[in-house]
Amino acid sequence: MKKVVIFQYRLLHYRTKLFELLKRACEAKGVQLELVHGQASRRESVKKDEGVLPWAHTVINRFWEVGPRDLVWQPYPAHLEDADLVVVMQESRILSNYPLLLSRLWSKRKVGYWGHGKNFQSDAPTGLREQWKNFLIRRVDWWFAYTDMTVDILAKAGYPSSQITCLDNAIDTSSFKADLASWSTAEVLAAKQQLDIAGNAPVGVFCGSLYPDKKLGLLVAAADLIRQRMPEFALVVIGDGPSMPEMRDAAATRPWMHLMGVRKGREKALYFRMGDVMLNPGLVGLHIVDAFCAGMVMMTTRTARHSPEVAYLRDGENGVYSDDTPEAYSQAVLNVIQDKARLGRMKASALADSEHYTLEHMVERFADGIEAAVNG
């Protein structure tokens, strides 16, 4: 069997099912998949977001704190040196990646990147770090790209399209869909009533961490303008973070703005069932997949520092891009929620797309890419 090793400097809990399914899919193709991971850095450990897989190989990472960045060295287990393909994360701070990239000069072992193509949230997109990342972009044998947005970046860099697998990055949506289905219409209406929201009132939902890149000031200002035109409109905010004090101040004078804090699982699904549109004027990431599962239309802005999953938004079909002003954003939202026929079409389109951006689909693409890489 061909042997493939995937390195994750830490194993995130939401990736465990991906690797379980991927290992089985690879075995069906005659490929032995091994996973190597270390631990979170001191600064990341507070997130408590790591998972466990009994069959994975755990190593002890070494970290160096350099200003706000954590540099990491991840050891390579000696008994996996005979791998045919090694897949590493495209992160410049992982120092142990560089010897693997250099080894391509003399070793038959192939090296693949799994990543975004660039840092979408960089404060210096033309700076030395991004120039270095762009220099390395072509120094691998295969690319496992997060979305079509990454594929476009690779194409512009001159990387061969025949050596790219677009994964359509996703999370396990099956349990969330079950949670959504578990709430009856009567229960959703009762929950709206408890929040003093009329049963037929349009509801915007924000879900995510509360921090500046989410453009929360724009969210509140636009919501004010929407309320002026639609007095029954309500805003439900799910999440927490460093910007929570500002959001509490805003909600104190807006009884129609409901701060729910962090909600997960079935409880989170209840508020998604209330929503018509996902109001996320700032950074859009994987929450777009959750929005689609609930049939919510994603509303965002063109200028936000989005993650590559924003590629799933089809402007005017399952979501809308607007300009970066309260007036433009609020008008874009009103154009959707005031036109019931259009809103219905877009909600149906979002729900249909949720069937495409699934963990199972991602696993299938990943396994096909691994097979092509090791046999190419």
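Me: Between which elements does the loop with aspartate 168 lie?
Reply: This is a predicted model. Aspartate 168 sits in a loop, and that loop runs between strand S9 (164–166) and H5. The elements asked for are S9 and H5.

Me: Is aspartate 168 buried or exposed?
Reply: The relative accessibility of aspartate 168 is 5%. Buried means under 20% relative accessible area. Aspartate 168 therefore counts as buried.

Me: What is the phi of aspartate 168?
Reply: Most residues other than glycine have a negative phi. Aspartate 168 is a residue other than glycine with a positive value. Its phi is near 50°.

Me: Is aspartate 196 buried or exposed?
Reply: Aspartate 196 also has a positive phi, near 65°, and is placed in the loop between H6 and S10. Its relative accessible area is 72%. Exposed means over 50%, so aspartate 196 is exposed.

Me: How far apart in space are leucine 167 and arginine 365, C-alpha to C-alpha?
Reply: Leucine 167 lies in the loop between S9 and H5 and, at 0% relative accessibility, counts as buried. Residues up to four places away in sequence aside, leucine 167 touches Trp114, Phe144, Ala145, Tyr146, Met362, Phe366 and Arg365. In sequence, leucine 167 and arginine 365 are 198 residues apart. In space, their C-alpha to C-alpha distance is 5.6 Å.

Me: Is H1 parallel, perpendicular or oblique to H13?
Reply: Helix H1 (residues 16–28) packs with helix H13 (residues 359–375) at an angle of about 45°, and their axes are 9 Å apart. Angles under 35 degrees count as roughly parallel, and 65 to 115 as roughly perpendicular. The angle therefore makes H1 to H13 oblique.

Me: How many nonpolar residues are in the contact of H1 with H13?
Reply: From H1, Lys17, Leu18, Leu21, Leu22, Ala25 and Cys26 meet Leu359, Met362, Val363, Phe366, Ala367 and Ile370 in H13. The residues of this contact include 1 charged and no polar. The nonpolar residues number 11.

Me: Which residues touch the most other members of the largest nonpolar core?
Reply: This core has 37 residues. Among the elements that give two or more residues to this core are strand S10 (203–207) and strand S11 (234–238). Contacts of valine 205, leaving aside neighbours within four places in sequence, include Val236, Ile238, Phe272 and Met278. The residues that touch the most other members are Val205, Ile238, Phe272, Met274, Met278 and Ile288.

How values were computed:
Residues numbered from 1 in each chain as written. Predicted model: local features only at pLDDT ≥ 70, side-chain atom pairs only at ≥ 80, totals over all residues. Heavy atoms only, no water. Axes fitted to C-alpha atoms, helices over the stretch in contact; angles between N-to-C directions. Helix = DSSP H or I, 4+ residues; strand = E, 2+ residues; numbered from the N terminus. Parallel < 35°, antiparallel > 145°, perpendicular 65-115°, else oblique. Contact = heavy atoms within 4.5 Å. Nonpolar A, V, L, I, M, F, W, Y, C, P; charged D, E, K, R; others polar. Core = buried A, V, L, I, M, F, W, Y, C linked by side-chain atoms within 4.5 Å. Buried < 20%, exposed > 50% of the residue type's maximum accessible area, 1.4 Å probe, protein only.
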